[in-house]
Amino acid sequence: MPRPTGALGGLFYGALELALQNKVEILAVVLLGIGGAIYPPIWIVGALIALPSKKWDIKDKFLGVTFPVVVVIVGTVLVLVLGGRHSSFISYADEAWLGAERLMRIAAVGGALYLAWGLRRGRREPKEPPWNVPHKLG
């Protein structure tokens, strides 16, 4: 297959090559991003596929899967704290639900984009523990 020329052709070819080499991880990214943006419970399936993958290290998995959950929790609390006063518990619950839903959709796409970028970048080499690094004395 001849490689397409131009920026758009190169981008498409690179994405296709990445998808063919990492089928399970791309499925996880699609479920996390697109599935999470359209119907947020699908995000959980994407997270369950992404977590056991060896293509990402623990930092990538934390930022791509766990960080969106933290953003939703903290953001929902901020929506309630900074929002207006309500007359009943139900109106607070409505505001929290709407805020969490919007934040989850945005955070799901952000986490998926980060994991896709991490997949393209490749797994990082682990750092040498400080007790294994020889130190020079004086």
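## Exercises on helix α4 and its surroundings

The buried residues of α4 pack against α2 (23–38), α3 (42–50) and α5. Here buried means under 20% relative accessible area, exposed over 50%, and partly exposed in between (1.4 Å probe, protein chains only); helices are DSSP runs (H or I, at least four residues), numbered from the N terminus. The model is predicted: local features need pLDDT of at least 70, side-chain atom pairs count only at pLDDT 80 or more, and totals for chains, interfaces and linings use all residues. Residues are numbered from 1 along each chain as its sequence is written, and side-chain values use heavy atoms, with hydrogens and water left out.

**Exercise 1.** Find where α4 bends and which residues of α4 are buried.

*Solution.* 
1. Helix α4 covers residues 58–82.
2. Buried residues of α4 include Asp60, Val65, Pro68 and Val72.

**Exercise 2.** Describe the largest nonpolar core and the contacts of Leu32.

*Solution.* 
1. A nonpolar core is a set of buried Ala, Val, Leu, Ile, Met, Phe, Trp, Tyr and Cys residues joined through side-chain atoms within 4.5 Å.
2. The largest has 16 residues, and Leu32, Trp43, Ala50, Trp56, Val65 and Leu115 have the most contacts inside it.
3. At least two residues of this core come from each of α2, α3, α4 and α5.
4. The most, six residues, come from α5.
5. Beyond four places in sequence, the contacts of Leu32 (heavy atoms within 4.5 Å) include Trp43, Val65 and Leu115.

Technical notes:
Expected span 1.5 Å × (residues − 1). Bend = angle between axes of the 7 residues up to and from the residue.
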